[in-house]
Amino acid sequence: MFAPVRGMKDLYGSSAKKYGYIIDTASRIGEKYGYNEIKTPIVEATEVFHRSIGDETDVVSKEMYSFLDKGGESITLRPEGTAGVMRAIVSENLAQSFPVKLMYHGEMFRYDRPQRGRYRQFHQLGFECVGDKSPYTDAILICMATEILNAIGIFDTKVLLNTLGDKDTREAYTKGLVKYLSRHEDKLSDDSKRRLAKNPMRILDSKDANDRAICQMAPLITDYLSKESEQYFQKVCELLEKAGINFEIDNFLVRGLDYYSETAFEFKPTRDEHRDSVGGGGRYDNLLSIFGGADISGIGFAFGIERLMLLIDDAKFKEIALKIAVIPVSETENEVAFQLLKSLYDAEISAEFIHIGTLSKKMKVADRLNCSIAVIIGEDEIKNGCFTLKFMNCEDKEEKTKVVAKSDLISFLKHIN
Ligand code: AMP
């Protein structure tokens with residue numbers, strides 16, 4: 001017997017239903033906000049991720065599924081969606097005019113340590129809006145993300161918000177941060193020691209307990225913000241407040257990937273049992289130009305679909321919609337039953353055709369397939385122009401059976417649906 005590869009899962013039953021429901025709901029809302037869907041390949045040239053995400057990030061330095069294909073070219077299973085979308089905007093020449101607004105969903109791969117809510121193959125649902133730098137754009141995007149969460153039934157999350165400032169801000173802040181962290185270098189984790197030279201801001205994001213304690217006393221980016229960045233961030237906060245978004249400023253939020261600047265955010269569950277963020281994103285300044293496109297700013301975010309699924313009530317997806325078992329008593333009634341089945345489908349009623357075995361076996365199959373009503377068609381029914389309905393989960397004997405005229409059946413079923 002083969003099991004799925006470690007950290008990867010089969011998606012079926014109520015989970016597959018939840019997945020479809022999330023995508024349908026988000027696509028509907030995305031369209032309202034002007035986003036069009038894009039499907040990029042699951043593999044890209046490895047360089048696409050090296051250039052955009054940054055070599056010092058966990059994703060690129062430790063977690064990518066990269067290998068040489070038969071032609072000797074290094075390719076990578078995408079660990080996130082933004083890089084591929086930026087590559088596509090340039091290579092497909094999609095940036096005829098700005099803003100370009102694209103949404104995507106699909107499999108992502110990271111060689112991470114598997115645990116609840118953390119997989120090696122997982123799914124993201126993401127949105128990118130390129131070519132429009134304004135606090136209004138940032139606020140609208142965060143409003144859309146919140147609307148999606150609410151529409152799929154998730155209300156207990158808050159937005160953690162930070163600014164990473166502009167280039168000048170980050171340069172000044174990095175100097176201050178390195179000065180402080182260098183004084184504690186001997187106590188930093190090995191990863192953080194390495195990052196101190198290459199990408200010190202990422203140390204703020206470290207999971208190591210010692211690093212975190214040291215960072216508690218580190219200087220804050222807010223003390224280094226350029227006037228423009230400060231005003232920009234204030235405006236984003238003001239707009240979110242006006243829109244009634246539940247947000248909290250977290251100056252340690254630097255996000256895992258290198259390309260962010262100005263607004264950065266994450267969606268965090270407020271229930272204790274779910275601590276992992278369900279999604280995150282931020283503004284990026286030069287991502288498109290890395291791929292040869294215009295030097296233009298964009299903003300985007302991605303939800304982790306498995307994390308969203310953990311927060312959605314299972315019960316909602318176990319509810320069984322009305323489903324009819326069409327059961328001919330013997331082979332003689334098969335054709336009448338077949339015609340009835342066809343008319344049920346034409347009337348948009350869910351149905352199963354159960355015609356093999358004894359009547360009691362057929363009833364058992366109907367039960368197993370979660371049918372709520374069995375429509376029995378025997379010799380008498382055909383003679384009398386009617387059908388016998390058996391309500392599958394009804395305890396009351398009187399109510400369990402009902403005879404309905406052939407001509408009334410569809411309207412009767414529509415009425416109880
Ligand atoms: P990131 O691209 O790292 O900003 O992640 C965005 C979202 O994707 C996170 O907030 C998670 O919801 C989800 N995510 C990231 N990594 C994983 C993983 N290994 N397994 C499941 N979900 C993940």
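Which residue has a polar backbone atom 3.1 Å from an oxygen atom of the ligand? That's Val278. Keep in mind that this is a predicted model. Below, we look at the ligand's surroundings and then at a pair of packed helices.

**Who surrounds the ligand**
- The ligand has 14 residues around it, and the closest are Arg110, Tyr119, Gln124, Arg255 and Ser277.
- Sort that shell by class and you get four nonpolar, five polar and five charged residues.

- Tyr119 uses its backbone here: one of its polar backbone atoms sits 2.8 Å from a nitrogen atom of the ligand.
- Gln124 uses its side chain instead, with a polar atom 3.0 Å from an oxygen atom of the ligand.
- Val278 goes through the backbone, at 3.1 Å from a ligand oxygen atom.
- On its own, the ligand has 480 Å² of accessible area, and the protein covers 92% of that.

**Two helices that pack together**
- To describe two packed helices, you give the angle between their axes and the distance between those axes.
- For helix H1 (residues 13–32) and helix H5 (residues 135–151), the angle is about 145 degrees and the axes are 10 Å apart.
- The crossing of H1 past H5 is right-handed.
- On the H1 side, Tyr21, Thr25, Ala26, Ile29, Gly30 and Lys32 make the contact, and they meet Met144, Glu147, Ile148 and Ala151 of H5.
- Split by class, this H1 and H5 contact holds six nonpolar, two polar and two charged residues.

Methods:
Residues numbered from 1 in each chain as written. Predicted model: local features only at pLDDT ≥ 70, side-chain atom pairs only at ≥ 80, totals over all residues. Heavy atoms only, no water. Near = heavy atom within 4 Å. Polar contact = N/O pair within 3.5 Å; in protein donor to acceptor, adjacent residues only side chain to side chain. Areas by Shrake-Rupley, 256 points an atom, 1.4 Å probe, with all protein chains shown as cover. Nonpolar A, V, L, I, M, F, W, Y, C, P; charged D, E, K, R; others polar. Axes fitted to C-alpha atoms, helices over the stretch in contact; angles between N-to-C directions. Helix = DSSP H or I, 4+ residues; strand = E, 2+ residues; numbered from the N terminus. Left-handed = near helix turned anticlockwise from the far one by under 90°. Contact = heavy atoms within 4.5 Å.
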